[in-house]
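Here is a short briefing to read alongside the model. Keep the 3D view open as you go through the topics.

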Amino acid sequence: MSALKNIYSPAFYERLSAVLDQSLPGFDKTKFITLINSDGFEHKELKARMRHTAVVLHEFMPKDFSKAVDALKTIIENMRKAHFTQDSLACMFLPDYIEVYGLDHYDDAIRALEYITQFTSCEFAVRPFLIKYENQMLVQMTIWSRHHNHHVRRFASEGSRPRLPWAMAIPSLKKDPTPVLPLLENLKNDPSEYVRRSVANNINDIAKDHPHIVLDIAKKWKGNSKETDAIVKHGARTLLKQGHPEILKLYGLDATHIDFSEFEIGTPNVKMGDSVEFTFAIENKDNQPQTVRLEYGMYYRKAKVQLAKKVFKISEKIYQPGEKAVIIRKQSFKAITTRVFYPGEHQLSIIINGEEKQPILSFELV
C-alpha cells in the first residue's frame, strides 16, 4: 500500500480544497490544509489517510447529519464538474465519512450511500451497517439489486459479500449466506458484466464456507445462458482449485485418460527477484475429446519453515484424442506487497483436472 497512499498528495488536497470552497459556506482552506498535514500524516498508510481525510472534512461540515448528506451531494456535483475521476480510490473518503458519522442515522445514511456509490464505491462503508442493521440492510440491498443504475446494483452484490477482501467480514453471512441469495438471483442476468462479476465474487466467498450452496447454485444456473455460465465458473473457482469432486464432475473434468510426463524444474536455484521455470508434457490418451484444466501448486516457504500451497491456473481447453502439448511456464519471485518470500526449499506440483500429480518437485529460493 506504500505507493497507493500517495494518491492523497498535496496536489489532490489542492484540488479538493477548491471544490470544498465552492461547496461549503465559510470553508477555510488554510485551516483544512493545516489539519490534513497534522497528526503524523506523512507516516499514515492508505486507509489511515482515507479515514483522516474524512475526519478532517467533518470539521467543516454541517453538524446535523441530514444536512451533511446534502452537503456531500453538493461536493460530489462539484467534484464531477472539476473532473475528479469517477470511481477513483482517492474519493472513497466520502463513503468513509458515512461509515464514521452516519451509523446512528440509518435513513439519511442509506440515502447517502445510494447516491455516493454512483460516484465512488461504498462496499467498505456499508459493512458496519450490515452488522448493526442486518435485516433492514438485506431488504434494502435486495431493493438496490433492482436499481436502474448499474453502480447501485453492483453495490448490492459487492457490499453483501461475506468475505470482502480488505474489509471487515460479516460473521452472520459467513455462517448463513442464504439471506443474500435472493439479491444474487436478481442479478444473475444483469446486463452489466461489472455487476455479474461481483455476483461471481460473492458466490466464491460463499464457496469458502458453504460449498454445498454453491454446488446447488451451479447446478441451477449452469446452462441458462453464457452469462450465467461465466458467473458460475468464476464463482466456483475456489472449489475448482481445491479439486472439489462434485464441481469437477459438473464440468466433466476427469484426469483418468490424461498422460502426464517430462515434468522438470529448469531453475533448481532461484535468486530472490528472479523466476522459477518449469516444463511438463500432457497427452489425451482417450478416444474422445477431453476438457483439460491445467494448474500448478506453488508450495511457498513461510516464516516458520512450513510450506503453504497456492494454486495458479495455466489454462483450460479441449484436447482432441491423441493430442499432445508441452507446457513451459515460470513463476516470479519479484517482491510484491501482498506476499513475503522466504529463502529456502520450495515445492511445485502440476494439477490436471483437479488431481495433483506426482512427483512434487523442489527448488531453492536463495
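This is a predicted model: local features need pLDDT of at least 70, side-chain atom pairs count only at pLDDT 80 or more; totals for chains, interfaces and linings use all residues.

## An enclosed helix

Helix α9 is largely enclosed by the rest of the structure, because nine of its ten residues are buried.

**Around α9**

- The buried residues of α9 are His 151, Val 152, Arg 153, Arg 154, Phe 155, Ala 156, Ser 157, Glu 158 and Gly 159.
- These buried residues pack against α6 (106-116), α7, α8, α11 (181-187) and α12 (193-207).
- At the start of α9, the backbone nitrogen of His 151 has a side-chain oxygen of Asn 149 within 2.8 Å.

- Look for Ser 145 in the loop that runs between α8 (134-144) and α9 (150-159).
- Is Ser 145 buried or exposed? Ser 145 counts as buried, because its relative accessibility is 3%.
- Its side chain makes a polar contact of 3.0 Å with the side chain of Asn 186.
- Leaving out residues up to four places away in sequence, Ser 145 touches Arg 153, Ala 156, Leu 183, Asn 186 and Leu 187. Among these, Arg 153 and Ala 156 are also buried residues of α9.

- Helix α1 (residues 10-23) has 14 residues and spans 20 Å from its first C-alpha to its last, close to the 20 Å expected at 1.5 Å a residue.
- The buried residues of α1 are Phe 12, Tyr 13, Leu 16, Ser 17, Val 19, Leu 20 and Ser 23. A reminder for reading such a list: an α-helix has 3.6 residues a turn, so residues three or four places apart point the same way.
- The cover over the buried residues of α1 includes α2 (29-36), α3 (46-58), α4 (65-81) and α5 (93-101).
- In helix α13 (residues 211-221), the buried residues are Ile 213, Val 214, Leu 215, Ile 217, Ala 218 and Trp 221.
- Those residues of α13 are covered by elements including α11, α12, α14 (226-235), α15 (237-241) and α16 (245-250).
- After α13 comes Gly 223, with a positive phi near 90°.

**The largest pocket**

- The largest pocket has a volume of about 370 Å³. It is lined by 20 residues, and the closest to its centre are Lys 47, Met 50, Met 92, Phe 124 and Trp 166.
- At least two lining residues come from each of α3, α5 and α7 (127-132), and α3 gives the largest share, with four.
- By type, the lining divides into 13 nonpolar residues, one polar and six charged.

**His 52 and Asp 39**

- His 52 lies in helix α3 and counts as buried, because its relative accessibility is 8%.
- Apart from neighbours within four places in sequence, His 52 is in contact with Leu 35, Ile 36, Ser 38, Asp 39, Phe 41 and Lys 44.
- The C-alpha atoms of His 52 and Tyr 97 are 9.8 Å apart, although 45 residues separate them along the chain.
- Asp 39 is in the loop between α2 and α3. It is exposed, since its relative accessible area is 59%, and its phi is positive, about 60°, although it is not a glycine.

**Other backbone details**

- Most residues other than glycine have a negative phi, and most peptide bonds are trans.
- Glu 262, in strand β1 (residues 258-265), has a positive phi near 60°.
- A cis peptide bond, with omega about 5°, joins Gln 358 and Pro 359; Pro 359 sits in the loop between β8 (355-356) and β9 (361-365).

Terms used. Residues are numbered from 1 along each chain as its sequence is written. Side-chain values use heavy atoms; hydrogens and water are left out. The expected span of a helix is 1.5 Å times one less than its number of residues. Buried means under 20% relative accessible area, exposed over 50%, partly exposed in between (1.4 Å probe, protein chains only). Contact means heavy atoms within 4.5 Å. A polar contact is a pair of N or O atoms within 3.5 Å; within protein, one must be able to donate a hydrogen and the other to accept it, and residues adjacent in sequence count only if both atoms are side-chain atoms. On a 1 Å grid over the protein atoms alone, a cavity is a set of points where a 1.4 Å probe fits but cannot get out, and a pocket is an open set with protein on both sides within 12 Å along at least five of seven lines; lining residues have an atom within 4 Å of a point. Grid points are joined across faces, edges and corners, and a volume is the space filled by probe spheres set on the points. Ala, Val, Leu, Ile, Met, Phe, Trp, Tyr, Cys and Pro count as nonpolar, Asp, Glu, Lys and Arg as charged, and the others, Gly among them, as polar.
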